[in-house]
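Reader: I would like a close look at one part of this fold, the helices and what surrounds them. Please keep it brisk and state your cut-offs.

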Amino acid sequence: MSDVSAGRPPSAYVVVLGNEKGGSGKSTVAMHVAVALMKAGQRVATIDLDSRQKSFTHYIENRRAWAKHARLDLELPTHFCIARVEGHKVADNEVAEFNAFAKAVETLEHTHDFVVIDTPGHDSYLMRLAHSMADTLITPLNDSFVDFDVLGTVDPATFTVTGTSHFAEMVREARRQRRIVDHATTDWIVVRNRLSMLGSRNKKLVGEGLQQLALQLGFRCIDGFAARVIFREFYPRGLTALDDLNESTLGTKPSMSHVTAREEVEHLLAALKLPFDERGLKRAAARAEWFATADQPLELHDILAS
């Protein structure tokens with residue numbers, strides 16, 4: 001979707017959050033990526049393919065409701081949730097879901113700079129389709145061998161990698177299909193999430209295993225969020241560590257945990273290396289300048305100039 005066609009506006013850059021195991025923090029990372037992009041002035045759309053759990057959709061709905069309740073100017077993306085079709089014929093279900101997804105993409109691809117897609121924690125037709133469309137694929141992974149299993153297997157005695165998993169092979173095939181279709185390369189990033197703040201043998205062994213797999217599968221491995229309660233506390237109000245966190249926003253005074261969480265998010269976003277659009281950055285700068293001067297009285301030369 002990110003190529004430019006003759007006579008047409010550029011297509012949106014697609015960021016996909018994918019992992020076949022639930023509870024890895026996909027929706028939390030997706031929301032922080034979407035908000036970061038909007039704060040950088042990018043036009044952002046979001047799509048939730050997990051219509052059963054709807055964590056991403058509920059996160060955005062919570063943000064909209066809290067913004068209205070607290071009278072806050074919180075950035076909100078253009079959002080779609082693709083309904084799951086549960087008819088008697090699998091083929092008919094997939095056609096209906098594909099049509100709904102295709103309609104959403106067609107609506108968004110030439111009017112937005114980025115589309116952030118959250119996928120379900122299980123294999124499905126739409127989940128595989130989204131992976132094949134990704135310009136950047138982000139796979140959050142809890143830092144344990146229980147979650148490592150979604151990518152590969154290890155020898156129980158030596159902890160060396162012995163094979164790759166179904167999900168890893170699915171991603172490999174999705175990236176191959178992407179190259180065939182438009183000769184583009186998907187940047188696959190595995191994010192070590194819910195990291196322990198203390199060093200441990202498990203943390204070291206998981207890291208070594210991921211480095212072995214990174215060479216085999218061609219992904220980048222970066223650190224994500226530590227196991228902080230604060231990330232779970234953001235969810236009911238739809239907030240992120242990147243928002244202007246003060247007593248009116250949070251309902252309580254911010255703490256050092258909020259500051260550290262923001263630093264972790266900023267580090268993650270820098271490591272993702274997403275291609276920010278220059279026009280969007282200018283929009284963000286103009287918006288920041290407007291808010292900085294909105295409550296200040298007009299100078300005489302401003303009045304005369306108008």
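Author: Val 105 lies in helix α3, residues 90-108. (Helices, H or I with at least four residues, and strands, E with at least two, are DSSP runs numbered from the N terminus.) Val 105 is buried, at 13% relative accessible area. (Buried means under 20%, exposed over 50%, partly exposed in between, with a 1.4 Å probe and protein chains only.) Its C-alpha atom is separated by 9.3 Å from that of Ala 12. Along the chain, Val 105 and Ala 12 are 93 residues apart.

The model is predicted: local features need pLDDT of at least 70, side-chain atom pairs count only at pLDDT 80 or more, and totals for chains, interfaces and linings use all residues. Residues are numbered from 1 along each chain as its sequence is written, and side-chain values use heavy atoms, with hydrogens and water left out.

Next comes α6, residues 166-182. Helix α6 has 17 residues and reaches 25 Å from first C-alpha to last. That is close to the expected 24 Å. (The expected span is 1.5 Å times one less than the number of residues.) Eight names make up its buried set: Phe 167, Ala 168, Met 170, Val 171, Ala 174, Arg 175, Arg 178 and Asp 182. They cover an arc of only 155 degrees around the axis, so they sit on the same side of α6. (The arc is that of the directions from the helix axis to the C-beta atoms.) The buried residues of α6 pack against α4 (125-133), β5, β7 (161-164), β8 and α7 (201-217). (Contact means heavy atoms within 4.5 Å.)

What follows α6? His 183, with a positive phi near 60 degrees. His 183 is not a glycine. Most residues other than glycine have a negative phi. The loop that holds His 183 runs between α6 and β8 (187-193). At 71% relative accessibility, His 183 is exposed.

Helix α10 covers residues 256-272. Helix α10 also has 17 residues and reaches 25 Å, close to the expected 24 Å. Buried here are His 258, Ala 261, Glu 264, Val 265, Leu 268, Leu 269, Ala 271 and Leu 272. Seen down the axis, these residues fall within an arc of 160 degrees, so they line one face of α10. On the other side, Met 256, His 267 and Ala 270 are exposed. The buried residues of α10 pack against α1, β5 (136-142), β8, β9 (220-223), α8 and α9 (247-250). Just after α10, Lys 273 takes a positive phi of about 55 degrees.

Arg 71 has a positive phi of about 55 degrees and is not a glycine. Arg 71 sits in the loop between α2 and β3 (78-81). At 80% relative accessibility, Arg 71 is exposed.

Now the second largest pocket, with about 440 Å³ of space. (On a 1 Å grid over the protein atoms alone, a cavity is a set of points where a 1.4 Å probe fits but cannot get out; a pocket is an open set with protein on both sides within 12 Å along at least five of seven lines; lining residues have an atom within 4 Å of a point.) (Points are joined across faces, edges and corners, and a volume is the space filled by probe spheres set on them.) The lining of this pocket has 26 residues, with Gly 25, Lys 26, Ser 27, Thr 28 and Arg 194 nearest the centre. Elements giving two or more residues are α1 (26-39), α2 (55-70) and α8 (229-234). The lining divides into seven nonpolar, 11 polar and eight charged residues. (Ala, Val, Leu, Ile, Met, Phe, Trp, Tyr, Cys and Pro count as nonpolar, Asp, Glu, Lys and Arg as charged, the others, Gly among them, as polar.)
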